[in-house]
Amino acid sequence: MLSLDYCLHSYGELPLEIVLHIYKYLGYTDLLAAGATCHRWRNALYQTEFIARTRVRFTKVVLSDQHSPAEDLLKCERQFRHFLFEDVTLGQVHKLMTFIGRSAQSLNLDNVDLNDKQFYGLLRLLPHLESLSVIRCLPLFMSATFLDSNSCDLAAISSHLASIRELTISQNRYLTDALLVRLTAMMPNLQLLNMSGCQISFHNAIHRRFYPNEPSAPSESVLTFKYILSVLVQQRKTLRTLDFSHTIIGHSLAALCDLSRPDENGEPGLQLQRLYLAGCRQLNAATMKEFLHTQSQLSVLDLSGTVCLNDDCMEAIVQANPLLKDLKINACGGLTNVGAAHLRHLQRLQRLDISNCDGINSGGIVEGIASEENSVLLELNVSYLTICEEAIKAIARNLHELRCLHLNHCVNGVTDEVLQLIISQLRWLRELSLESCCRLTDAALTGINLSKLELNRTSSNGDIYPPPDSFSGSLQSIKISLRSKAEEEIVRDAKRKQAMIAAYEMNLINDEDFEGHNIQALRGLRTLNLRGCNKISDVSLKYGLKHIELNKLLLSNCQQISLLGMEALVNNCPSIEMLDLSDCYNINDQGIRIITEKLQRLRSLDISGCSQLTDHSIDAIIVNCQCLQSLSIYRCRRMYTDIEDRLSGLQTLRNVYMDNINSIENAEIFRLKKRLDC
């Protein structure tokens, strides 16, 4: 086929099956961009597969049928399945909820100001609901007549609630036994129950105080574990996910052990697949071991922040739960290298978080999860561990399939040599977090030989930089340095920066200077955290970061970054959605103008502590940022002219964080006020 024949065809003529296959690898914003290219690619977004994974989110707005964004959604031809209302005030939304009810399968209400009558009205319009989440909705549960047959027509909503499989009622302080029983009685086939953060009374003395004469009706004043247990008894055949995170559950977990065994009629007991007990500091080792021994089907287990987890518990968990795929045991101070070594026996483990475990060091990594080649593990978090270079090298050599690696605050272990090995071995990485790894330099990200560069540039440009002090036999040439090690390090950093910036500005970096591996090799990288890596300079942004898919970049306290680096960054990484430049004091108004003009997908921008910025930066943000949702401008003291009123013109802005006033967390208030004043 001639090359001319190729020109006669376009991507818009690709078969729908190929377009759908391409879409499987794209995120939400990439799908939106792809759908805007031509009619065929846009029509592909209407396929069931992509509508099923799309969630419509309303955040920090006053919803009304007569105003945007509700008015905009009503004009949409697509029917979505998942909806989230976060920090929302509901006005007249009958048309909106009727539209949502045609296809909605999940509804998440987070900190929504609604009462019981409004809740009944919503449920009547949602006949296909399978998942219901009610989080921090305090007014809703303050009513003692909630779901009371004398106060509402239960028949009208009970049929809609019967199809619900997942129920989340976390962080509701006014939830009581009576309300829980009424709500779950209409949901006979629950598969997920989330009560994390609820004020549950586990002590028998409290139960006796409110129930002196049993049996008695459920209380309207307290939420007790005994009534929760009665709900679990009724739902034990279908229940697969249970979340009691951040509650004071302790010995009461023993009651679930009996519930997990078959009853006298041979009916199966409670067999969970996912269990979340994060922050449950009242748990004891014996009870936890006993319960987990009965749950052999567990695939997800979260024990973050549990004091009782020790090496014996870890060994028991590994033996009793061989099907685990996701394990979170971060901030468990009782765990040591002995317990960490048992992790190598979890052959199906895909995600592991052992960060903040003070008892684990390099030995636990080398003898545990990184002791041999592992092609299953995809995500690993070892942040805040005291580990050396050899431990991280073992991770790089043996865990080739890693997609996500967190090494935050591993100061002693993360060096230029180690990061070079990570880049060469872990080519599938999508997320890399190196916060406060302050030993890293530009050589780690670019593969440039800095010492050779400094030597060559000095000799070829007339000794631009003075040579190191040397002894030539003369007493006059002897110099005694009284600097401390910290001061010497500062001087070395200054010289390094001087050499790199000079080479950068004169475009003196050549191909032969790249002797190592460049972070460009991580072609699919989407998130990079370099906060506190203060030796990283503009050179890394020009010669290292060239990632089309990168959407989250954190450069806080990278104080050597300036306008030169920003000019390269916006061209090399055009898909950035979240950018943190806080305390990068070399960033100026021109840099912000370039960022806002070029990064069209920017949704979150943090420029706190950038002391050179003025009101001109605010003007650039207002004019250029069409998608910005969050803006932080703490300690930008040269910005002071009517910031609130000026930012109110940004239609998408939801969060503003700044000095001297309470954080503005609802830009819709400004627009609503302006409409009322007209």
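Reader: How much space lies in the largest cavity?

Author: Happy to take you there. Please keep in mind that this is a predicted model. The largest cavity holds about 30 Å³ of space. When the whole structure is searched, one cavity of 30 Å³ or more turns up. Its lining is made by Phe 85, Leu 90, Met 97, Leu 107, Leu 109 and Leu 122. Sorted by class, those lining residues are six nonpolar, with no polar and no charged ones.

Two packed helices are described by the angle between their axes and the distance between the axes. Helix H25 covers residues 563–572 and helix H26 covers residues 589–598; they pack at an angle of about 5°, and their axes are 9 Å apart. Because of that angle, H25 counts as roughly parallel to H26. On the H25 side, the contact uses Leu 563, Met 566, Glu 567, Val 570 and Asn 571, while H26 brings Gln 590, Gly 591, Ile 594, Ile 595 and Lys 598. Taken by class, this contact has five nonpolar, three polar and two charged residues.

One last stop is a charged pair. The whole structure has 19 salt bridges, and one of them joins the side chains of Asp 30 and Arg 601, at 2.5 Å from N to O. Asp 30 sits in helix H3 (residues 28–35), whereas Arg 601 belongs to the loop between H26 and strand E20 (604–606), so this pair ties together parts that are 571 residues apart in sequence.

Note on methods
Residues are numbered from 1 along each chain as its sequence is written. This is a predicted model: local features need pLDDT of at least 70, side-chain atom pairs count only at pLDDT 80 or more; totals for chains, interfaces and linings use all residues. Side-chain values use heavy atoms; hydrogens and water are left out. On a 1 Å grid over the protein atoms alone, a cavity is a set of points where a 1.4 Å probe fits but cannot get out, and a pocket is an open set with protein on both sides within 12 Å along at least five of seven lines; lining residues have an atom within 4 Å of a point. Grid points are joined across faces, edges and corners, and a volume is the space filled by probe spheres set on the points. Ala, Val, Leu, Ile, Met, Phe, Trp, Tyr, Cys and Pro count as nonpolar, Asp, Glu, Lys and Arg as charged, and the others, Gly among them, as polar. Axes are lines fitted to C-alpha atoms, for helices over the stretch in contact, and angles run from 0 to 180 degrees between N-to-C directions. Helices (H or I, at least four residues) and strands (E, at least two) are DSSP runs, numbered from the N terminus. Angles under 35 degrees count as roughly parallel, over 145 as roughly antiparallel, 65 to 115 as roughly perpendicular and the rest as oblique. Contact means heavy atoms within 4.5 Å. A salt bridge is a side-chain nitrogen of Lys or Arg within 4 Å of a carboxyl oxygen of Asp or Glu.
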